[in-house]
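Let's work through two exercises on a protein model. Have a look at the sequence and the 3D view, then try each task before reading its solution.

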Amino acid sequence: MNRRRCAAAALTVVCALTVLASPAQAAYAAPTPPVAPPPASSPGSPPVAPPVPPSDPSSDPSSGRSLEEVRREIDALYRQAASATDAYNLAEERAKKQSAEIVKLAQAIVDGRARIADLRNRAGAAARAQYRNGGMPDEAQLVLTDDPQLFLNGVGRLQQGQKATKDLLAELGERQADLEAYTQDAGAHLTRLEATRLQQARTKKRIETKIAAAKKLESRLRTEERGRLLRLEQAEQARAQTAWLGSGVLKGAAADAAGPRGRKAIEYATAQLGKPYVWGAEGPGSFDCSGLTSQAWAAAGTAIPRTSQEQWRLLPRIDVTDMRPGDLIIYHADASHVGLYIGDGAIIHAPRPGRNVTVAGAGSMAILGVVRPDK
């Protein structure tokens, strides 16, 4: 390997370590005080929706919109932020894997350079030994000897030496080729990592824009309107939960007990109740929805994908009528939300910015499907 290739390898190592030192994500702290939703009801006693004042007046005089229309717009903005958060988290997982590969390749480059230096030293030692013999090749010295035994011994040594030299040169060539391949791979990984980081930056901006828009809408409301907005939100969830329970979906499913790891996942999630939602967070002080479920199952000794979309894509799916405590319920058509089923028609989940980890009705949102990490 010439000096130019070695310099390229060294530059790759430096670049890799520089990228790895960059911050992975920034946390968003929602200042809105947490409010827990109504407790989940058992299949036998559907929840009663909290009272909501009829036909509330416009919350935004300039637009003439009703409070319900504002609620729907805020909900849509937070849904869009949740979907973008899943994309951000997936990019973060990819960045971690790419960074780990770069570290491995950087170490392989260092090891390869050390091995090449050793091989070159050994080749130099052989050349110096020949120089001490007057520059005369071993074959010539062998021909000039008049001792038959020395001749026979010399033939053996000559054959061994020729093989050793051939093997040394072959290994040197292989190590040089490996080093060049490692350098090229490291460069490709760095390019992919840079693209991933750019994607993360764009997604982060999109998340912050959606959250800021939702918070701006809420900030325009008077104190009493914010209370009514919360009651509207709770009423909508209660109506969805009542309809879900009334469908009989839990008949025969509620009796199933959680597995040993499922119980541990539920214990972990229960201990997080009251902690704030922060997008991109995996604990211990705050969580987003998939950060909570992935950490709950990690605490149970089972590694699962980080994002709700990957949890839906990769984990074993089961019918909703067969679900048991510990399973994960995936929500919305884009799989942008997830909760941990705890039985009796309830989940523990991290809802959205401005809310805390809480217990909610499993049917209070549109269910996409159910997955079982320990199947």
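A cavity here is a set of points on a 1 Å grid over the protein atoms alone where a 1.4 Å probe fits but cannot get out; its volume is the space filled by probe spheres set on the points, which are joined across faces, edges and corners. This is a predicted model, where local features need pLDDT of at least 70, side-chain atom pairs count only at pLDDT 80 or more, and totals for linings use all residues. Residues are numbered from 1 along each chain, and side-chain values use heavy atoms, without hydrogens and water.

**Exercise 1.** Find what lines the second largest cavity.

*Solution.* 
- Step 1: helix α2 (67-132) gives the largest share, four residues.

**Exercise 2.** Work out how α6 and α7 cross.

*Solution.* 
- Step 1: the axes, lines fitted to C-alpha atoms over the stretch in contact, come within 7 Å and cross at roughly 130° for α6 (residues 260-271) and α7 (residues 289-299).
- Step 2: α6 and α7 are therefore oblique, the class left over once angles under 35, over 145 and from 65 to 115 degrees are taken out.
- Step 3: for contacts (heavy atoms within 4.5 Å), Arg-261 and Tyr-268 are among the α6 residues that meet α7, where Leu-292 and Trp-297 are among the partners.

How values were computed: Axes are lines fitted to C-alpha atoms, for helices over the stretch in contact, and angles run from 0 to 180 degrees between N-to-C directions. Helices (H or I, at least four residues) and strands (E, at least two) are DSSP runs, numbered from the N terminus. On a 1 Å grid over the protein atoms alone, a cavity is a set of points where a 1.4 Å probe fits but cannot get out, and a pocket is an open set with protein on both sides within 12 Å along at least five of seven lines; lining residues have an atom within 4 Å of a point.
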